[in-house]
Amino acid sequence: MKKIIFLLFLLYCMASSGQKLQHIDPPFWWSDMPVSSMQLMLHGKNIGVLTPELNYEGITIDEIQRLENPNYLVLNLLLSKATKPGIFEIQLKAGKKTKIKFDYEIKERTSDTNRNLGFNSSDVIYLLMPDRFANGNPANDTVEGMLESADRSNPNGRHGGDLKGVSDRLDYIKELGMTAVWLTPTFENDMKPEYGAYHGYAATDLYKMDRRFGTNDEFRSFVQKCHDNGIKVIMDMIHNHVGDQHWWLKDQPTKDWFHDIEQYGTTNFRGEVQSDPHASQYDLDKLQKGWFVRELADLDQRNPILATYLIQNSLWWIEYSGVDGIRMDTYVYPYKDYLSRWVTEVMASYPTFNIVGEAWVERVSHESYWQADDAGQDDGYNSKLPTVTDFQIMFALDRALKDDFGWKNGLSELYYVVSQDRLYSNPNQNVIFIDNHDIERFYTKMDEDADLFKMGYAYLMTTRGIPQVYYGTELMLANAPVNGDGRKRADMIGGWLEDERSVFTKEGRTPKEQDAFEFVKRITNWRKTANAIHDGKMTHFIPEDNTYIYFRHTDKEAVMVIMNRNDDAKTIQRDRLAEILDFYKTGVNVLDGNIIDVKNDFEVGPKQTAIFDLQK
């Protein structure tokens with residue numbers, strides 16, 4: 001009786017207040033999708049007591065889910081092969097009376113095959129933050145109704161860069177030899193100014209581009225333009241959390257939609273706990289259920305409606321935009337069974353796609369745990385994840401170039417890390433990098449030593465894996481002299497009309513910047529056609545005398561790489577390398593074209609990573 005009275009009360013409230021839908025997610029869908037079901041989330045005042053009806057050939061309502069919050073109604077729809085593109089009406093009724101009606105569209109899938117291409121070891125990924133790269137449309141710097149406007153005087157606030165700014169400078173990215181771009185998240189981040197959500201990791205609507213970056217249509221056009229220029233696009237996503245200004249926080253769908261920050265506090269940031277066979281439940285709860293920071297509400301993916309919402313959102317963006325890959329932020333924080341389900345469903349729908357998970361952990365064994373392995377880990381877990389971020393290469397390279405050489409130190413660090421590649425199911429699929437938006441810039445880490453910078457970049461381009469280059473690296477950009485994360489995320493000079501010069505042109509670059517630009521451009525473009533680097537085996541030799549030598553080779557070609565960290569030139573004893581060099585006569589230096597005779601001992605200059613194309 002109490003339930004009936006409550007329902008009658010809700011119906012009275014609806015009749016007196018006038019109803020409308022505030023959110024319809026997803027906003028549309030497609031016919032002939034790889035999946036035959038679709039979850040439609042409706043949000044509006046007291047709609048949960050209404051009964052949905054639709055009449056469209058091929059589509060049926062399989063299940064109606066009413067949440068504990070009466071402002072939500074979730075429809076599970078089945079789409080048969082008979083479903084055609086078109087627009088149909090969905091009615092929400094109280095008894096026989098229609099309270100709300102709205103049109104819903106089923107679109108036709110594109111026949112374009114130049115999309116959802118994936119990425120692999122033949123690619124070089126250019127990572128950029130749209131807000132800090134270039135401002136192509138100053139008119140969207142301030143958007144009426146949004147909480148933060150652009151202010152370049154604040155190093156940790158929004159600066160006004162946008163999708164058009166990146167789109168207008170694709171020629172620059174292409175000239176460098178980059179074959180893919182990874183943009184930090186471009187979802188709506190309508191957060192309070194004091195948080196500084198220019199980075200994009202505090203989504204407030206997962207189906208909308210942030211209008212200060214551009215519109216959904218502009219993002220799709222950007223992806224198409226990238227494809228037209230032979231550049232792939234990797235979309236950054238976050239399923240661990242959303243911003244505390246997300247509309248879910250203002251009207252929470254269920255009590256278990258988010259973890260309780262009052263109970264779990266903030267996370268311990270120890271991703272290693274997920275693979276630790278001795279982990280305490282306390283530590284696991286802190287990792288999985290603690291909030292990243294107080295402004296980032298931690299999602300509970302065990303809620304089946306939320307889990308389906310997130311997975312479906314990924315499928316929607318892949319289909320809508322044509323992106324070629326996803327980089328999933330904070331990959332080691334959510335429930336790992338959810339993550340393997342998400343990867344499985346995405347890859348089943350788009351087999352040529354690729355996904356890289358951010359696994360920021362401290363050891364190779366912790367990193368390798370997250371890469372797909374059909375044999376399963378010791379605990380039986382198989383992440384299904386094709387690609388992981390290889391933080392171990394970055395950690396080792398920093399120490400290799402900065403520390404004194406020894407049995408375990410200096411260049412030996414690289415040997416020890418790579419020699420553990422047996423722990424990965426496919427180390428050549430690892431995304432490798434020397435810095436990113438969360439790390440001190442590489443040039444700064446190298447104490448602004450140009451020789452060490454070049455040694456590190458050459459290593460990045462020649463070791464196994466998929467290289468990722470952070471914007472500005474090609475200019476030897478150093479940390480800015482400011483506090484906060486903004487020090488690692490400076491604006492690209494010339495991306496704003498008021499800038500006095502432009503690093504996007506040769507004339508606007510300083511001699512130091514031009515030298516770095518030409519170095520990066522030459523090696524990166526050479527790598528585009530270096531099949532031995534893309535797919536070749538790696539044979540390396542134990543570092544000696546502050547040098548480290550490795551080969552990348554196939555049956556048809558080979559590349560020799562020699563890292564000499566000494567301050568003077570070194571003579572290389574070729575007999576030690578005979579198992580590879582006996583098949584070749586000469587080596588052509590990739591950087592300067594000089595030719596060496598590899599049938600005899602040869603010399604490599606100081607503080608350099610020398611790269612030689614071997615010739616028979």
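User: At the start of H9, which residue has a side-chain oxygen that reaches to the backbone nitrogen of Ile305?
Analyst: The model is a predicted one, and the distances given here are computed from it. At its start, a side-chain oxygen comes to within 3.0 Å of the backbone nitrogen of Ile305. The residue that supplies this oxygen is Asn303.

User: How far does H9 reach from its first C-alpha to its last?
Analyst: H9 has 18 residues, for which 26 Å is expected at 1.5 Å a residue. The computed reach is close to that expectation. From first C-alpha to last, H9 reaches 26 Å.

User: Which residue follows H9, and what is its phi?
Analyst: The residue that follows H9 is Gly322. Its phi is positive, with a value near 85°.

User: How many of the residues of H9 are buried?
Analyst: A residue counts as buried under 20% relative accessible area. H9 is mostly covered. Of its 18 residues, the number buried is 16.

User: Why can H15 be called largely enclosed by the rest of the structure?
Analyst: The buried residues of H15 include Leu452, Phe453, Tyr457 and Met461, and Lys454 is also among them. H15 is largely enclosed because the number of its 13 residues that are buried is 11.

User: How far apart are the end C-alpha atoms of H15, and which residue caps its N-terminal end?
Analyst: Helix H15 comprises residues 450-462, which should span 18 Å at 1.5 Å a residue; its end C-alpha atoms are 19 Å apart, which agrees. At the N-terminal end, a side-chain oxygen lies 2.9 Å from the backbone nitrogen of Asp451. The capping residue is Asp449.

User: Asp298 is buried yet has no salt bridge; how far away is the nearest side chain of opposite charge?
Analyst: Asp298 is found in strand E15, residues 296-298. Its side chain makes a polar contact with the side chain of His259 at 2.6 Å. A salt bridge needs the side-chain nitrogen and the carboxyl oxygen within 4 Å. The nearest side chain of opposite charge, Arg302, is away by 8.7 Å.

User: Are the two partners of the salt bridge between Asp210 and Arg212 buried or exposed?
Analyst: The closest N and O atoms of Asp210 and Arg212 are 2.8 Å apart. Asp210 has 0% relative accessibility and therefore counts as buried. Arg212, with a relative accessible area of 1%, is likewise buried.

User: Which parts of the chain are linked by the salt bridge between Glu53 and Lys93?
Analyst: The side chains of Glu53 and Lys93 meet at 3.1 Å, N to O. Glu53 counts as partly exposed at 38% relative accessibility, whereas Lys93 is buried at 15%.

User: Which residue forms a salt bridge with Asp379, and how far apart in sequence are the parts tied together?
Analyst: The partner of Asp379 is Lys336, with the closest N and O atoms 3.3 Å apart. Asp379 is partly exposed at 46% relative accessibility, and Lys336 is buried at 18%. Asp379 lies in the loop between H11 and E18 and Lys336 in helix H10, so the parts tied together are separated in sequence by 43 residues.

User: Which residues are linked in a network of salt bridges?
Analyst: The structure holds 39 salt bridges. The residues linked in a network are Arg152, Asp491, Glu498 and Asp499.

How values were computed: Residues are numbered from 1 along each chain as its sequence is written. This is a predicted model: local features need pLDDT of at least 70, side-chain atom pairs count only at pLDDT 80 or more; totals for chains, interfaces and linings use all residues. Side-chain values use heavy atoms; hydrogens and water are left out. Helices (H or I, at least four residues) and strands (E, at least two) are DSSP runs, numbered from the N terminus. Buried means under 20% relative accessible area, exposed over 50%, partly exposed in between (1.4 Å probe, protein chains only). Lys and Arg count as positive and Asp and Glu as negative; His and the chain ends are not counted. A polar contact is a pair of N or O atoms within 3.5 Å; within protein, one must be able to donate a hydrogen and the other to accept it, and residues adjacent in sequence count only if both atoms are side-chain atoms. The expected span of a helix is 1.5 Å times one less than its number of residues.
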